[in-house]
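Hi there,

Here is the structure I promised to pass on. Have a look at it first, and then read my notes below.

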Amino acid sequence: MEFVTIGLQELPEVKQFYAAITSDLRKNGIDQWDIFYPNRFVMKKDLKNGTLFGIKEENHLIGAIVLDTNESKQYLKLQWEDQTGRPLIIHRLAVHPFHQGKGIGKKLLTFAEEYALEKGHTSIRMDVYSQNPAAVGMYERAGYQIRGSVRFPLRKVPYLCFEKIIQI
């Protein structure tokens, strides 16, 4: 198992990866992702910016995470603990359905925390679909604190916003 930066040439694999996860979420009654999100434009931007990191096993993408500093405008109304620092934002953390329950999500979070420390970030923030109990539970177990919730256009339920202060 290795962590790698996923490049633009891997767009077809990334699209298949997210499609498998979207299908699995839907099968389990979680309408977090759909044909509109994550879409190829979002994926391409992540790949071009070098912000999509993955875990590969036998040259197949089995887990992925996007790390950048792009906060949703929705975040402005929340009371974050880290008011003056430099937060890192997690987007689209995902584990292929065939590899869920093996601790890969936790490995992705650990990678994000190490990356944040290495790059001088003071906290990590993310929003999580409130009707995805496995994801919510994973972040809570990893020490992330709920700071509030936000609503996004075309989404039926709110997203919980999590934060973890990174000790430098």
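First, a term for finding your way around: helices (H or I, at least four residues) and strands (E, at least two) are DSSP runs, numbered from the N terminus. This is a predicted model, in which local features need pLDDT of at least 70 and side-chain atom pairs count only at pLDDT 80 or more, while totals for chains, interfaces and linings use all residues. Residues are numbered from 1 along each chain as its sequence is written, and side-chain values use heavy atoms, with hydrogens and water left out.

**The loop between H1 and H2**

Let's start with Asp34, which sits in the loop between H1 and H2. Is Asp34 buried or exposed? Its relative accessibility is 18%, so Asp34 counts as buried; buried means under 20% relative accessible area, exposed over 50%, and partly exposed in between (1.4 Å probe, protein chains only).

Arg155 itself is in the loop between strand S6 (145–150) and strand S7 (159–165). It counts as buried too, because its relative accessibility is 17%.

Now for touching, or contact, which means heavy atoms within 4.5 Å. Leaving out residues up to four places away in sequence, Asp34 touches Thr22, Arg26 and Arg155. With that exclusion again, Arg155 touches Asp31, Gln32, Asp34 and Tyr37.

For background, most residues other than glycine have a negative phi, and most peptide bonds are trans.

**Helix H2**

H2 covers residues 40–49, and its buried residues are Met43, Asp46 and Leu47. They line one face of the helix, because they fall within an arc of 95 degrees when you look down the axis of H2 (the arc is that of the directions from the helix axis to the C-beta atoms). In general, an α-helix has 3.6 residues a turn, so residues three or four places apart point the same way.

What covers those buried residues? The cover includes helix H1 (11–27), strand S2 (52–57), strand S3 (60–68) and strand S4 (87–95). On the face turned away from the buried side, H2 carries the exposed residues Phe41 and Lys48. After H2 comes Gly50, with a positive phi near 70 degrees.

**Two positive phi values outside glycine**

Asn59 is not a glycine, yet its phi is positive, near 65 degrees. You'll find Asn59 in the loop between S2 and S3, where it counts as exposed because its relative accessibility is 61%. Glu58 is in that loop as well, and at 73% relative accessibility it counts as exposed.

Arg92 has a positive phi too, about 50 degrees, although it is not a glycine. Arg92 lies in strand S4 and, at 12% relative accessibility, counts as buried.

**The largest pocket**

Arg92 turns up again here. The largest pocket has a volume of about 1300 Å³. Of its 49 lining residues, Gln32, Trp33, His91, Arg92 and Leu93 are the closest to its centre. Where does the largest share of the lining come from? From S4, with 6 residues.

The terms behind this are as follows. On a 1 Å grid over the protein atoms alone, a pocket is an open set of points where a 1.4 Å probe fits, with protein on both sides within 12 Å along at least five of seven lines, and lining residues have an atom within 4 Å of a point. Grid points are joined across faces, edges and corners, and a volume is the space filled by probe spheres set on the points.
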